[in-house]
Amino acid sequence: MEKYNFVALDEKGLTTFEGDLNEDGQFADKRVRAAQGIDPMLVSNETELKVQDIKMNGYSIRHLQAEFNYDVVFSSHSDTGTNDFVTTCFLLEGHVNSGTLNIKDSVVVRKGAQNFMSDPYHDYSHRFAAHTPWSLLHFVLSKNYFVDFLPNDEKWAVDAKERVARNETFIGEPFSTANAIQLQAVRNILDNPMTGSLGKVMVESSFHQFMALHVKNLFQANTQSSENKMTKRDKDIIYGV
């Protein structure tokens, strides 16, 4: 019998957003000991599981913080491919190992790194190490919002739109480190100095700044990398000279 050295949890409880839209750009604070199916025994005595949400039209932002007593794997699977969202993650602290059965090697996302994921069948799993504090911002965008957000005059953007339309499972590469503008946008979201309608504007503008640089860094870099790769014919010509 195979032995497992981790605890598996259904991630849908931590990636499903409910409640009203945020009208003031402030996080709805859900600082709880146990939330949405998380066993309180898994959480370290020193750290509560902290879940904070901002829900906007077309997208949501979730701030997660925790430290577990055991390795924990968030995973879920759907055979229907009905996940109508794409996600982006920015790791504020710690590290997470992410992978899927469709991709041979998993990847480790570390502090300061960002990634993108289209996961219509919930194929990906995410493993957090025991006794390691972690904190992340999890952006969830409806597919329609994401497609409308991307430009129409960039090849990399058109390619990304087509992959989402085909309901493909894919992950953005490389896992780039956030730049200074993105870090400031994250700070504005986490510590929004505004309230009311101006607070909402602050979150929306910061989110757009972060995402504009995010999608260009990941998808344009990946497209250029693919275009710059030499084919076997190219190599034969070069080495034959």
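Predicted model: local features only at pLDDT ≥ 70, side-chain atom pairs only at ≥ 80, totals over all residues.
Trainee: Which element gives the largest share of the largest nonpolar core?

Mentor: The largest nonpolar core has 31 residues, and I61, F139, L141, F146, F207 and F219 touch the most other members. Among the elements that give two or more residues to this core are β3 (49–56), β4 (59–66), β11 (134–142), α2 (143–149) and α5 (196–228). The largest share of this core, 7 residues, comes from α5.

Trainee: Which residues does F219 touch, not counting residues up to four places away in sequence?

Mentor: F219 is one of the residues that touch the most other members of the largest core. With residues up to four places away in sequence left out, the residues that F219 touches are F116, F146, W156, A160 and F170.

Trainee: Is S206 buried or exposed?

Mentor: S206 is found in helix α5, and, leaving aside neighbours within four places in sequence, S206 is in contact with A185, N188 and I189. A polar atom of its side chain lies 2.8 Å from the backbone oxygen of M202. Because the relative accessibility of S206 is 1% and the cut-off is under 20%, S206 counts as buried.

Trainee: What lies 3.1 Å from a polar atom of the side chain of S142?

Mentor: S142 has its place in strand β11, and, apart from neighbours within four places in sequence, S142 is in contact with G58, D84 and F85. At 3.1 Å from a polar atom of the S142 side chain lies the backbone nitrogen of Y145.

Conventions:
Residues numbered from 1 in each chain as written. Heavy atoms only, no water. Core = buried A, V, L, I, M, F, W, Y, C linked by side-chain atoms within 4.5 Å. Buried < 20%, exposed > 50% of the residue type's maximum accessible area, 1.4 Å probe, protein only. Helix = DSSP H or I, 4+ residues; strand = E, 2+ residues; numbered from the N terminus. Contact = heavy atoms within 4.5 Å. Polar contact = N/O pair within 3.5 Å; in protein donor to acceptor, adjacent residues only side chain to side chain.
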